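Hello,

Here is the structure we talked about handing over. Please open it first, then read my notes below.

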Amino acid sequence: MKKIIIVGAGFSSAVLSSFFKNQDISIYDKGRGPGGRCSTRRVDKVGFFDHGLQFISPKNNNFLLFLNINLKKYITNWEGNFFKDNELLEKKIRWIGKDGNNDFVRNLLHANVYFNKELCKLYRNEKQWNLEFKDGTKEITNLLILTLPLEQCKKLIQSLNLNLILDGKMEPTLSAMLAFKEKTYINGSGYTLTKNNILGWCANESSKGREKNNKNLELWSIQSTSSYAKKNHQYYKEKKNEILKEMIDAFVKHFKLENKEIVYKNIHGWSYAQNNNPKTSKYIWLPKLRLGICGDWMSGPKAENAWESSSLLFKAMAKDMNWTN
């Protein structure tokens, strides 16, 4: 039997594990590796694409302190010109991982982590939590923490009759990854687009200065608008070429890049990218049941919100359980 199990290996889980250094914890995730929406796609002979989390700009001084204490040697400032449509934005810190934004998670994790473990059933029995995974394996734990997206949390706990209110809805995003054979000469590292029907964000990955990026290519990650993703994310695998073409055409048209050869292109869909309008508590802790729930969807759409939710949950748990981090 496990003492503490955390389900999900994204940023919320990584933050919790950094607080749980003195505790025996195990983390289970359905993916092939850690990161969640902090995942980075590495393509041989091409480079790194941050196709989820783009950067972190701390507003809370305690969050900035947390990053400096735990991740300083793994992160760097993403410099360059950033635009909102045609308006040049003011300079600010934009932290990125030196080897991809997956660095924010993998260098925080202090636990035994098990991948390819999709939780499909959850029930409580004799003061213990019983977990059943899609591969047929089972686990038992005294204390359970869920860091899953809103919709997945609701599905798992709906049969438990906990009378929890989990309101809201997470929105999808489509992320395309492109490598141009030559420089585009676009004057900017990142662009927020508010007037484009298809594209919402464009990031010049080559401007991040990562040593393992192919210096002969120019890499871009482009993310769709929520409205475009809502129409297409359920079908993006079946209509991959069609959707990729639409996103690429929108990018080429916006930046006037006709006749620029693309040597690599791919797409990834995030069904639960962000919750722009959180309606629940910032965390949930049920001490009698020893169940905790946290995540960015509970307090806002950014990584800082995930840190806030996880921090508040740990403080509540530590108080009841007489822990120290």
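**What I found**

Trp78 is buried, at 2% relative accessibility; buried means under 20% relative accessible area, exposed over 50% and partly exposed in between, with a 1.4 Å probe and protein chains only. This is a predicted model: local features need pLDDT of at least 70, side-chain atom pairs count only at pLDDT 80 or more, and totals for chains, interfaces and linings use all residues. Residues are numbered from 1 along each chain as its sequence is written, and side-chain values use heavy atoms, without hydrogens and water.

There are 18 aromatic pairs. Rings of Phe, Tyr and Trp (its six-membered ring) pair if their centres lie within 6.5 Å; planes under 30 degrees apart are stacked, over 60 edge-to-face, the rest tilted. Phe55 and Trp78 form an edge-to-face pair, 6.1 Å centre to centre with 65° between the planes. The two residues are 23 apart in the chain. Phe55 is partly exposed, at 23%.

The charged end of Arg94 sits over the ring of Phe55, 5.5 Å from its centre. That term needs NZ of Lys or CZ of Arg within 6 Å of the ring centre and within 35 degrees of the ring normal.

Next, helix H6, residues 240–255. Helices (H or I, at least four residues) and strands (E, at least two) are DSSP runs, numbered from the N terminus. Buried residues in H6 include Phe251 and Phe255. Just after H6, Lys256 has a positive phi of about 55°.

Best wishes

Note on methods
The expected span of a helix is 1.5 Å times one less than its number of residues.
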